[in-house]
Amino acid sequence: MVKIDLITGFLGSGKTTFIKKYAKYLIDSGKNIGILENDYGAVNVDMMLLQDLMGDQCELEMVSGGCDKDCHRRRFKTKLIAMGMCGYDRVIVEPSGIFDVDEFFDALREDPLDKWYEIGNVIAIADAGLPEQMSKDSEYLLGSEAADAGLVFVSKLDESSKEQSDTILPHINRAMESISCTRKLSEEDVMKKKWGELTNDDWNRILTCGYHTESWQKRDVEDDKSFSSLSFMNLPLTKEQILNAATQILGDPSCGHVHRIKGFLETPDGWFELNATAAQRQLNPIANGQQIIIVIGEGLNKEKIEAYL
């Protein structure tokens with residue numbers, strides 16, 4: 001059977017960066033892998049960030065966003081059926097930061113996926129700089145995405161203080177308690193290491209962390225429309241202008257509660273990838289992109305956001 005891993009984590013937590021490192025470890029170990037990307041919105045930005053992994057040992061697939069829940073579940077299952085016939089040693093699923101984890105487990109209990117796939121690991125990525133105060137919907141996602149994890153990997157330690165990273169474990173436990181999940185994470189369930197410090201033993205621990213099946217009080221965040229995404233195409237902005245716009249949007253409450261701004265910008269110096277959250281604004285060179293900026297958050301005000309762009 002094909003091993004299949006789910007990499008969860010709240011918006012902007014660093015799932016795609018983790019997958020790049022994780023996939024490289026698997027490829028270097030001689031494994032043939034498939035990566036299934038499901039971004040939030042109709043354009044899959046994160047898949048474009050993984051293009052350099054593609055080769056004889058790694059293929060990328062995508063579940064298109066921008067559709068209703070039932071349609072998405074059908075597409076997810078159909079894509080897994082197709083990937084199950086490709087002879088991979090392992091499949092890695094990266095869902096959006098707004099994801100019902102039960103969708104993963106439910107799909108793999110259905111015929112024929114239950115005969116083809118064996119669940120390997122559920123790994124939750126948590127940003128070391130995660131705000132202590134979050135909305136009820138955000139707390140629900142944080143708790144539900146970590147509840148079944150065999151391991152919580154704390155990311156972005158370079159950008160946060162030790163005091164901040166030390167709040168992650170109690171924060172996640174509070175989030176799980178708030179949704180009536182009885183599981184309580186311990187330090188043994190968490191890994192806090194910078195990318196350059198990871199050893200083969202660390203990767204083996206990650207690779208064998210497994211998963212849990214927990215119960216909690218279900219809510220349907222997508223149905224209450226609290227989270228949404230806005231896409232802006234072909235913006236005639238410079239690098240300085242897009243970074244300034246991102247800072248203003250993230251700092252202006254009238255734009256809504258913006259969690260993340262991401263996308264690509266083409267300049268005379270080439271393509272750049274934008275990744276902006278309340279804690280950081282990054283614009284990094286990339287080989288190729290698509291002229292699009294995506295804003296993700298709660299209660300977004302399109303007119304206010306557009307005014308900055």
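Helices (H or I, at least four residues) and strands (E, at least two) are DSSP runs, numbered from the N terminus.

## Basis of the model

This is a predicted model, in which local features need pLDDT of at least 70, side-chain atom pairs count only at pLDDT 80 or more, and totals for chains, interfaces and linings use all residues. Residues are numbered from 1 along each chain as its sequence is written, and side-chain values use heavy atoms, with hydrogens and water left out.

N234 is found in the loop between β8 (227-233) and α10 (239-251). This residue is not a glycine, yet its phi is positive, at about 50°. N234 counts as exposed, at 56% relative accessibility. Here buried means under 20% relative accessible area, exposed over 50%, and partly exposed in between (1.4 Å probe, protein chains only).

## Packing of α1 and α9

Two packed helices are described by the angle between their axes and the distance between the axes. Axes are lines fitted to C-alpha atoms, for helices over the stretch in contact, and angles run from 0 to 180 degrees between N-to-C directions. Helix α1 (residues 15-28) and helix α9 (residues 200-207) have axes that come within 11 Å and cross at roughly 100°. The two helices are therefore roughly perpendicular to each other. Angles under 35 degrees count as roughly parallel, over 145 as roughly antiparallel, 65 to 115 as roughly perpendicular and the rest as oblique.

On the α1 side, the contact (heavy atoms within 4.5 Å) is made by F18, K21, Y22, Y25 and L26. On the α9 side, N200, W203, N204, I206 and L207 take part. The residues of this contact divide into 7 nonpolar, 2 polar and 1 charged. In this count Ala, Val, Leu, Ile, Met, Phe, Trp, Tyr, Cys and Pro are nonpolar, Asp, Glu, Lys and Arg are charged, and the others, Gly among them, are polar.

## Aromatic pairs

A search of the whole structure finds 10 aromatic pairs. One of them is formed by Y22 and W203, which are stacked at 6.2 Å centre to centre with 20° between the planes. Y22 lies in helix α1 and W203 in helix α9, so the pair ties together parts that are 181 residues apart in sequence. Rings of Phe, Tyr and Trp (its six-membered ring) pair if their centres lie within 6.5 Å; planes under 30 degrees apart count as stacked, over 60 as edge-to-face and the rest as tilted.

Both partners have their own accessibility value: Y22 is buried at a relative accessible area of 0%, and W203 is buried at 8%. Y22 and W203 also belong to one aromatic cluster, together with F18, Y25, F153 and W195.

## Packing of α3 and α4

Helix α3 (residues 69-84) packs on helix α4 (residues 101-108) at an angle of about 50°, and their axes are 11 Å apart. α3 and α4 are therefore oblique to each other. Their crossing is right-handed. A crossing is left-handed if the near helix is turned anticlockwise from the far one by less than a right angle, and right-handed if clockwise.

H72, R73, F76 and L80 of α3 meet E103, F104, A107 and L108 of α4 in this contact. Its residues divide into 5 nonpolar, 1 polar and 2 charged.

## From α4 to α5

P112 sits in the loop between α4 and α5, and the peptide bond from D111 to P112 is cis, with omega near 5°. D114 lies in helix α5 (residues 113-116) and is partly exposed, with a relative accessible area of 34%. Leaving aside neighbours within four places in sequence, D114 is in contact with M1, L108 and R109. D114 and M1 are 113 residues apart in sequence but 9.3 Å apart in space, C-alpha to C-alpha.

Buried residues of helix α8 (residues 168-178) are I168, L169, H171, I172, N173, A175 and M176. They pack against β5 (117-127), α6 (136-147), β6 (151-155), α7 (162-165) and β7 (190-192). S180 is found in the loop between α8 and β7; its phi is near 65°, a positive value in a residue other than glycine. S180 is partly exposed, with a relative accessible area of 46%.

M134 is placed in the loop between β5 and α6 and counts as buried at 17% relative accessibility. Not counting residues up to four places away in sequence, M134 touches F10, E139, L142 and H171. M134 and A175 are 41 residues apart in sequence and 9.9 Å apart in space, C-alpha to C-alpha.
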